[in-house]
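Subject: Structure for your files

Hello,

The structure is below, followed by notes on what was found in it. Please keep the two together.

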Amino acid sequence: MRFSAFAPAVLALSLFSFSAEALPTPAQHDSAVTLLKRGGTSPNNVLDALVKLFVDVEAKVLVDACVDLTADVCADVNLSLSAKANVLGGLIIADVDVKKLQVKAKAQVDVDVKAWIKAEVDAVVVANIDAHVRAVAAELCPVLSLTCIHDNAHAIVANVVAKIQVDINALVIKIKANIKAKVQASLAICIPKLTVNLGLLAKADVKASVDVKATIDAHLKVFVDACVKLLASAKLIAQVGAL
């Protein structure tokens, strides 16, 4: 496996750089406002509404970015299979054409890698958004009044996104460190199922080698940069200020 040097740098916070497709939608904002109208403006309800807005918006950004990341990482993984057929109880050893096997193995590995990355995004980043919002709100607005939330909307978004970015750094480091092991684990399960059956007289043992291309560095950086751009938007600040 080949890797070039990759060290996630401290991420620059671009609060006013955003993409229309990742902006908070009216439905997301209305959902948080509805929560306030239903439960009133007690501190707990204000906090719950703020958390709901952030979780809805930021989780969507991360899920959307994850789709591209999983496709890119799967493209970075190369498999090479070889197989020897044992004919007549091992009396004859023959090479086996493994092209179809390789296609099937790669397809299964891609499914497993995508599921693993999605689970890691959920566990390492998305699952922490709730706690990050509550911690920042408690620090900047101890009384949790709507007035304080409105006045500090910019700072709340900046601080929450800074915490999310720390989690994103941890995520990409974890993906790079573990991708080869995850691929090998996937192959260990699927290769026995793909053992070539050459009829009644022959059976083949399949071996695989894994190579992760250096382009994974660039793809992880694209993911990080996209998240930096989309997580902190002027529209989200406005939505927090309009709760």
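Leu 144 lies in the loop between α4 and α5 (146-151); helices here are DSSP runs of H or I with at least four residues, strands are runs of E with at least two, and both are numbered from the N terminus. Although Leu 144 is not a glycine, its phi is positive, at about 55°. Leu 144 counts as buried, with a relative accessibility of 12% (buried means under 20% relative accessible area, exposed over 50% and partly exposed in between, with a 1.4 Å probe and protein chains only).

Two notes on the basis of all this. The model is predicted, and local features need pLDDT of at least 70, side-chain atom pairs count only at pLDDT 80 or more, while totals for chains, interfaces and linings use all residues. Residues are numbered from 1 along each chain as its sequence is written, and side-chain values use heavy atoms, with hydrogens and water left out.

Salt bridges

A salt bridge is taken as a side-chain nitrogen of Lys or Arg within 4 Å of a carboxyl oxygen of Asp or Glu. By this rule there are 9 salt bridges.

- Lys 52 and Asp 56 form a salt bridge, with N to O at 3.5 Å. Both residues belong to helix α2 (residues 43-76), where they sit 4 residues apart, about one turn of the helix. Asp 56 is partly exposed at 25% relative accessible area, and Lys 52 is also partly exposed, at 31%.
- Asp 130 pairs with Arg 134 in a salt bridge whose closest N and O atoms are 2.6 Å apart. About one helical turn separates Asp 130 from Arg 134, because they are 4 residues apart in helix α4 (residues 129-140). Asp 130 has a relative accessible area of 31% and is partly exposed; Arg 134, at 30%, is partly exposed too.
- Lys 221 and Asp 225 meet in a salt bridge of 2.8 Å, N to O. Their helix is α7 (residues 215-231), and they are 4 residues apart in it, about one turn. Lys 221 is partly exposed at 47% relative accessibility, as is Asp 225 at 38%.

Shared partners also link salt bridges into one network of Asp 48, Asp 130 and Arg 134.

Helix packing

Helix α2 packs against helix α3 (residues 99-125) at about 145°, the axes being 9 Å apart. Axes are lines fitted to C-alpha atoms, for helices over the stretch in contact, and angles run from 0 to 180 degrees between N-to-C directions. Residues in the contact (heavy atoms within 4.5 Å) include Leu 62, Cys 66 and Leu 69 of α2 and Val 113, Ile 117 and Val 121 of α3. By class, the α2 and α3 contact has 9 nonpolar, 1 polar and 4 charged residues. Ala, Val, Leu, Ile, Met, Phe, Trp, Tyr, Cys and Pro count as nonpolar, Asp, Glu, Lys and Arg as charged, and the others, Gly among them, as polar.

Helix α6 (residues 153-193) and helix α8 (residues 234-241) cross at roughly 125°, with their axes coming within 8 Å. The two helices α6 and α8 are therefore oblique to each other (under 35 degrees is roughly parallel, over 145 roughly antiparallel, 65 to 115 roughly perpendicular and the rest oblique). The crossing of this pair, α6 and α8, is right-handed. On the α6 side the contact uses Ala 153, His 154 and Val 157, which meet Leu 236, Ile 237, Val 240 and Gly 241 of α8. The α6 and α8 contact contains 5 nonpolar and 2 polar residues, and no charged ones.

Regards

Methods:
A crossing is left-handed if the near helix is turned anticlockwise from the far one by less than a right angle, and right-handed if clockwise.
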